[in-house]
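I am opening a notebook page on this structure. I will go through it topic by topic and write down what I look up.

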Amino acid sequence: MCNHLVRFLIFIFLIPLLLTCEKDSPTEPAPSDNLLDPQIILNQVNLDSLTRQVAILSGEQPVLIDTSLVTISSRYSHHSGNARAAEYLEQKLLRYDLQVHMMDFSASGRNVYAVQYGLVDPEQVYIICAHYDSMPDSSISPGADDDASGCATVLEAARILSRYTSRYTIIYAFWDEEEQGIRGSLAYASRAAQLNENIRGVINIDMIGWDSNDDGQFYINVRDTAQSAQISNRMVSLHDQFQVGLSPQVLNPGSGSDNLAFWRFGFGAVGVEEMYGSDWNAYYHTTNDRLAQFNLDYFYKCASLCIVSLSSLVEIES
Ligand SMILES: [Zn+2]
């Protein structure tokens, strides 16, 4: 064989080999090419559905749990409404055909979460979450903004996204005893770290109902932990691309609530929250933290952005 032919044959055999090596390398997988248009998700976010859940969780509206009509007037840790709220959330998640788990982390603390397995990479997980306990320690403790607003968003995400398949696993989670020192989320995050679970990212939502000056500002709390910044960037770019109409303020290093538990154990997370400081909820941790004080347009937009961001991260398929 002449030299040219040898080189040609090496070339011909080497190219497929190189391509195979590239395919098998453990780099970030390319997104699927049949992703659902995020606008289809946005179109399904429903304000009536969101406010109904806030009304139920904050005791404005009674609800059937099993066969009894219940008014959840307080979700404070040791009031009976706290356990009723957990039962209600479980019942709701079961209705979306999800696998529901109750995680008792202490004599009084119980997290509720549901799993929707991804079709392609089920061991890789994204979590959307909020805390369901409330303040103050009283038989009337509506906690509509803090944090029925977040819980309603997680339920709305489950209502919409449970109809689809996704590449990665979704966990819809409700933490207990956030108000006693983020106990529920710490219990979950520490167990996940021990079990070496692959949590790719967390969107924690805590208080998205108050915007008294109508400036649309809200915080995305972020830190330089794992993929936190990538999640925040994705949220901001989806916000701009789909003209959600808010004014995102990225805080790094941010604070927040249950997102702190995930940072502590090295997981990527963001904390979505209304403004504090000059436009802080005047009824925070009082018996008047009610749906009537909500800026509904702001609540709807914040919830929409959280849900569409999750759908994009988990790669919902069309
Ligand atoms: Zn809160």
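**Cores**

Which residues touch the most other members in the largest nonpolar core? I note first that the model is predicted. The largest nonpolar core has 68 residues, and Leu93, Tyr172, Phe174, Ile203 and Leu310 touch the most other members. I then looked up Leu310. Leaving out residues up to four places away in sequence, Leu310 touches Tyr126, Ile128, Ala157, Leu161, Ile170, Tyr172 and Ile203. Another core lies apart from the largest one. That other core has 22 residues, including Tyr113, Val115, Cys129 and Ala173. For background, nonpolar side chains tend to be buried together in soluble globular proteins.

Next I went to the metal. For reference, four tetrahedral donors would ideally sit at 109.5 degrees.

Asp146 sits in helix α5 (residues 144-161), while Asp206 sits in the loop between β7 (198-205) and β8 (217-221). The pair therefore ties together parts that are 60 residues apart in sequence. I checked burial as well: both Asp146 and Asp206 are buried.

**Cis peptide bonds**

Asp146 came up again when I looked at the backbone. A cis peptide bond joins Asp146 and Asp147, with omega about 0 degrees. Asp147 has its place in helix α5. A cis bond also runs from Asn252 to Pro253, with omega near 5 degrees. Pro253 is in the loop between β9 (247-251) and α8 (259-264). I note for contrast that most peptide bonds are trans.

**Positive phi**

Most residues other than glycine have a negative phi. Asp97 is not a glycine, yet has a positive phi of about 60 degrees. Asp97 lies in the loop between α4 and β3 (99-104). Is Asp97 buried or exposed? Asp97 counts as exposed, because its relative accessibility is 73% and the cut-off for exposed is over 50%.

Glu177 has a phi near 55 degrees, also a positive value in a residue other than glycine. Glu177 is in the loop between β6 (168-175) and α6 (183-194). Glu177 is buried, with a relative accessible area of 1%.

**Rings**

How many aromatic pairs does the structure hold? I get 11. In one of them, Phe294 and Phe299 have ring centres 5.2 Å apart and planes at 80 degrees. That makes the pair edge-to-face, because planes over 60 degrees apart count as such. Phe294 and Phe299 are both buried. Ring pairs also link Tyr113, Trp175, Tyr188, Phe262 and Phe267 into a cluster. A charge came next on my list: Arg200 lies over the face of Tyr168, at 4.5 Å from the ring centre.

**Helix α3**

How many residues of α3 are buried? In helix α3 (residues 47-57), 8 of the 11 residues are buried, which leaves the helix mostly covered. The buried residues are Ser49, Leu50, Thr51, Gln53, Val54, Ala55, Ile56 and Leu57. What covers them? The cover includes β1 (63-65), α4 (80-95), α5 and α9 (296-313).

**Two single residues**

I picked Gly81 from helix α4. Gly81 counts as buried, at 9% relative accessibility. Beyond four places in sequence, Gly81 touches Ile72, Ser74 and Arg75. Gly81 and Ile128 are 47 residues apart in sequence, and their C-alpha atoms are 23 Å apart.

I then took Thr165, in the loop between α5 and β6. Thr165 counts as partly exposed, at 35% relative accessibility. How far apart are the C-alpha atoms of Thr165 and Glu317? I read 5.8 Å, for two residues 152 apart along the chain. Thr165 touches Leu119, Glu315, Ile316 and Glu317, with residues up to four places away left out.

Technical notes:
Residues are numbered from 1 along each chain as its sequence is written. This is a predicted model: local features need pLDDT of at least 70, side-chain atom pairs count only at pLDDT 80 or more; totals for chains, interfaces and linings use all residues. Side-chain values use heavy atoms; hydrogens and water are left out. A nonpolar core is a set of buried Ala, Val, Leu, Ile, Met, Phe, Trp, Tyr and Cys residues joined through side-chain atoms within 4.5 Å. Buried means under 20% relative accessible area, exposed over 50%, partly exposed in between (1.4 Å probe, protein chains only). Contact means heavy atoms within 4.5 Å. Rings of Phe, Tyr and Trp (its six-membered ring) pair if their centres lie within 6.5 Å; planes under 30 degrees apart count as stacked, over 60 as edge-to-face and the rest as tilted. A charge sits over a ring if NZ of Lys or CZ of Arg is within 6 Å of the ring centre and within 35 degrees of the ring normal. Helices (H or I, at least four residues) and strands (E, at least two) are DSSP runs, numbered from the N terminus.
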